[in-house]
Each structure stands twice: as C-alpha cells, then as structure tokens.
Amino acid sequence: MKHTFLKRTLLIISLVAILGILVYEARSIYHTPVVKGTHRTRTANADRLVRHLFSLTPTPDRVYYQNKVIVLMYHEVTKTPPDPGALKLSNLTKQLDEMKANGFHWITMKEYTDFILHKGKVPDNAVLMTFDDGYESFYTDTFPVLKKYHVPATNFLITSTISNPKHIGIPKLTWDQIHQMHAEGIDFYSHTNDEHSYGYSNTTRTKQKPLLMGPVYSKKLGRMETEDEFKQRIYSDLDMANKKLFKHLHNDQNVLAFPYGGYTKETLEICRSLGIDVTFTVKRGINSPGQTNGYRVNAGGIHNIPEVLVQYMKEGAPLRPLPFAQGPNEAS
C-alpha cells in the first residue's frame, strides 16, 4: 500500500515538474523579448521538450477538421532571416513536409473565397498559405520551394513599393517577378497601396495606431483628420491598390490583408463599398463559411518549431496562444 502511494506521489511530482518546465519555456520563448544570441538555446530546449509531450508519428489518414480552413500567415522567409519576425527557409520546408505527411491539403485563394462567400467545398484539413509585404526574397528564396512542393499561395502586396527603387527598407518585388510567379500559380492581393504604417492618434503626437484604424494627425494640415477625411484617405488608397493589381494581374476579385491587423467598422464598410468582400486580420483561429474577416495563424518567426505548428493545426487552431511562436500573433 505504501509502495503504491509512493509511486503515485512521485508520478504527480513528475507531472507537475514537466508542466512547470513547459510553462517556463512557453513564456520565455513566446512572451518576453529575446536577448541576442539566446534564441538558439531556448528553441533547442523547447524542441527537445516538445518531442516528449506528443507523438511525432505522422497521421496522414486522420480528419482533424471539416468544412473549415486554417490560414497560415508568413512575412519574410529566407535562407538567412534578417530579424526575429522572419522564418528560416529550412523551417518552411520542414513545415511543408510535416503538413504533407499528416494529411493537410493546400487550397487556392479562389477556393477559399468561394468557401467563405458561397459555402463552396474544401477538402478536409484545408490550409491556405499567405505571405505579407511582397519581399524580394519571396521570389528568390520562397517561391522555388513552394513550386517544388506544388503549394498554391497568396502574397499581399504594398503596391506603392513594387518596382519602386525609391522605397526604403527591405527590398521588395518587381512587377516582372510578380508576373512570372502569377503565371505559375501564385496569387497577389492588397496589403494597401501606401497605408502600411502607423500614425499619431492625438494632437500631442504621443500615441500611435495603424493608419487604417481611424483619423490620425496630418502634418500637412497641422491637425487631426476629420472622420470624413479619414474615410476618403482610406477609400482612395484601397481603390488605388485594387486598380494597380487589376492593371497588372487582371484579378477578378479583391482581397485585403489589414496591415498590423488594424481595422474599424468604418474601414470594413469602405472595403465592402469597393468590392473587397474578403479581408484578413492577424487574430488566430479557424475559418468557417461566412467568416469574411478571416483569422490567420502566425506561422513565422525565428522560434518556430514545425512539429509544434502542425500539432496546433491538428487541434484545429484553438484560441489559446501558439507555443514557441514569435510574439502574440504579431504581424505587419
């Protein structure tokens, strides 16, 4: 009897210890800023821990969810990530291997919008791959991998930066590169024309918010925008982005990913007035028919562990935080 009690006590202590380690690793990797040079150790420790918490045996014949779609969100994916928000190309390859081995099915944006707007059919375990910002590395690094795996994908473009040598920051795509990829099955939609930034939300210029989230301080006017001026600014910008995309790609539908996930009721109304019937946030979750303002799961970042991402997807992208990802679903 004493022996049985001792075994149970030791088992409980072991389980509590494992749970404590998991919580510590999840908090240190997911929430807090990373000291330069420490992410490799943390990620390696988390990876070893994860392999003891769930089976890595592929389950290709399992149905994890039906009549729903998980949308994955990426930013820059390259061989040598330049910042913590970028994903290493080898990790994308591992993600694709894991998804393929576990019976996930990639769909196109056309299939997704038909599913959202008209209850079109999608395969079990459906996944939509989306990439933001139109980085040049999407063409040089990411596209060859997507092509090799026959993965349809969408890239949301900041259209003012395309083929723009005056654009500062990380190099962006050219229209020639976009035309080539579009001809081979990659879709391109709007991430605004030139509203991918923050503006001051008060006259003292001490607070900021995404430009699509309401009136901001106008340096040109020397004051805050009026509500009507805000609406006109957003309408003009989104209309310009749509027109550029139609001119170059002849898109037969309009889709928008909100920069930083920022939007308001008024922004959504402007989108619908422009025929942008499907939009995307950066809120995590899984999408069902009628979810016109869609959820996306952040699948990027230097801390990403492909096996953890796929396990999370197997659970149907629950609303709890995704362990070991970079930020609380931060995105631009």
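A: Ring pairs join Tyr-74, Phe-131, Phe-138 and Phe-188 into a cluster. The model is predicted, so local features need pLDDT of at least 70 and side-chain atom pairs count only at pLDDT 80 or more, while totals for chains, interfaces and linings use all residues. Residues are numbered from 1 along each chain as its sequence is written, and side-chain values use heavy atoms, with hydrogens and water left out.

Q: How is a ring pair described, and how many aromatic pairs does the rule give?

A: A pair of aromatic rings is described by the distance of the centres and the angle of the planes. Rings of Phe, Tyr and Trp (its six-membered ring) pair if their centres lie within 6.5 Å; planes under 30 degrees apart count as stacked, over 60 as edge-to-face and the rest as tilted. The count by this rule is nine aromatic pairs. Phe-138 and Phe-188 form an edge-to-face pair, with 6.5 Å centre to centre and 85° between the planes. Phe-138 belongs to helix H5 (residues 137-148) and Phe-188 to strand S7 (residues 186-190), so this pair ties together parts 50 residues apart in sequence. Helices (H or I, at least four residues) and strands (E, at least two) are DSSP runs, numbered from the N terminus.

Q: Are Phe-138 and Phe-188 buried or exposed?

A: Buried means under 20% relative accessible area, exposed over 50%, and partly exposed in between (1.4 Å probe, protein chains only). Phe-138 is buried, at 3%, and Phe-188 is buried, at 0%. Phe-258 and Tyr-263 form a stacked pair, with 5.1 Å centre to centre and 20° between the planes. Phe-258 is buried, at 0%, whereas Tyr-263 is partly exposed, at 21%.

Q: How should I read the pairing of strands, and which strand does S12 join?

A: Two strands pair if DSSP finds at least two bridges between them. Strand S12 (residues 254-257) is joined to S13 by four bridges, and the two run parallel. Val-255 has Val-278 in S13 as its bridge partner. From S12 the chain crosses through helix H8 (residues 265-273) to S13 in a right-handed β-α-β crossover; right-handed means that, with the strands pointing away from the viewer, the path from the first strand over the helix to the second runs clockwise. S13 also pairs with strand S14 (residues 293-294) in the parallel sense, over two bridges, and Phe-280 has Gly-294 in S14 as its bridge partner.

Q: Why is S13 described as largely enclosed?

A: Four of the five residues of S13 (residues 276-280) are buried, so the strand is largely enclosed by the rest of the structure.

Q: What is a cavity, and which residues lie nearest the centre of the largest cavity?

A: On a 1 Å grid over the protein atoms alone, a cavity is a set of points where a 1.4 Å probe fits but cannot get out; lining residues have an atom within 4 Å of a point. Grid points are joined across faces, edges and corners, and a volume is the space filled by probe spheres set on the points. The structure holds three cavities of 30 Å³ or more, and the largest has a volume of about 60 Å³. Its lining has 10 residues, of which Ser-55, Leu-56, Glu-98, Asn-102 and Lys-314 lie nearest the centre. Helix H9 (residues 306-314) gives the largest share of this lining, four residues.

Q: How many residues of H9 are buried?

A: Eight of the nine residues of H9 are buried, and the helix is mostly covered. Among the buried ones are Tyr-312 and Lys-314.

Definitions and conventions:
1 Å grid on protein atoms, 1.4 Å probe; cavity = no way out; pocket = protein on both sides within 12 Å on 5 of 7 lines; lining within 4 Å.
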